[in-house]
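The stops below are given in the order in which to select them.

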Amino acid sequence: MQRYASVIKVKEGMEEEYKRLHKAVWPEILELIKSCHIKNYSIYFRDGFLFNYYEYHGTDHDADIKRMRDTPCNKEWNALCAACQQTLETIDEGEWEAPMEEVFHMD
């Protein structure tokens with residue numbers, strides 16, 4: 001199992017819309033996440049920032065994430081969410097959310 005976390009900003013004025021979307025995540029999105037070997041997926045909000053965390057239980061993270069991104073329903077869902085989001089200034093080229101470095105973990 002691998003742990004992943006990232007951060008992104010919420011566009012000012014879009015906080016409630018983002019929360020509204022995630023109170024009713026489409027069932028096909030939830031199934032897609034599970035089928036890509038992702039468990040314990042959480043999103044937190046504070047002071048204009050979204051922090052997400054998940055645990056990956058598969059064997060090819062890059063392939064599963066690509067499959068997820070290429071799925072039509074996910075493209076539609078991400079377009080709705082992206083309208084609420086703003087990238088950090090410090091991201092690398094090709095990134096949307098900024099990956100975070102794990103500096104401590106305790107089971």
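This is a predicted model: local features need pLDDT of at least 70, side-chain atom pairs count only at pLDDT 80 or more; totals for chains, interfaces and linings use all residues.

Residues are numbered from 1 along each chain as its sequence is written, and side-chain values use heavy atoms, with hydrogens and water left out.

Select helix H2 (residues 27-35) and helix H4 (residues 72-82), which pack at about 115 degrees with their axes 10 Å apart. Helices (H or I, at least four residues) and strands (E, at least two) are DSSP runs, numbered from the N terminus. Axes are lines fitted to C-alpha atoms, for helices over the stretch in contact, and angles run from 0 to 180 degrees between N-to-C directions. H2 and H4 are therefore roughly perpendicular (65 to 115 degrees).

Next, select His37, in the loop between H2 and E2. His37 is not a glycine, yet has a positive phi of about 65 degrees. His37 is partly exposed at 36% relative accessible area; buried means under 20%, exposed over 50%, and partly exposed in between (1.4 Å probe, protein chains only).

Move to Ile38 in strand E2 (residues 38-46). Is Ile38 buried or exposed? Ile38 is buried, at 7%.

Then select Asp47, in the loop between E2 and strand E3 (49-56). Asp47 is exposed at 63%, and its phi is positive, near 50 degrees.

Finish at Phe104, in the segment after strand E5 (98-99). Phe104 is exposed, at 65% relative accessibility.

Definitions and conventions: Angles under 35 degrees count as roughly parallel, over 145 as roughly antiparallel, 65 to 115 as roughly perpendicular and the rest as oblique.
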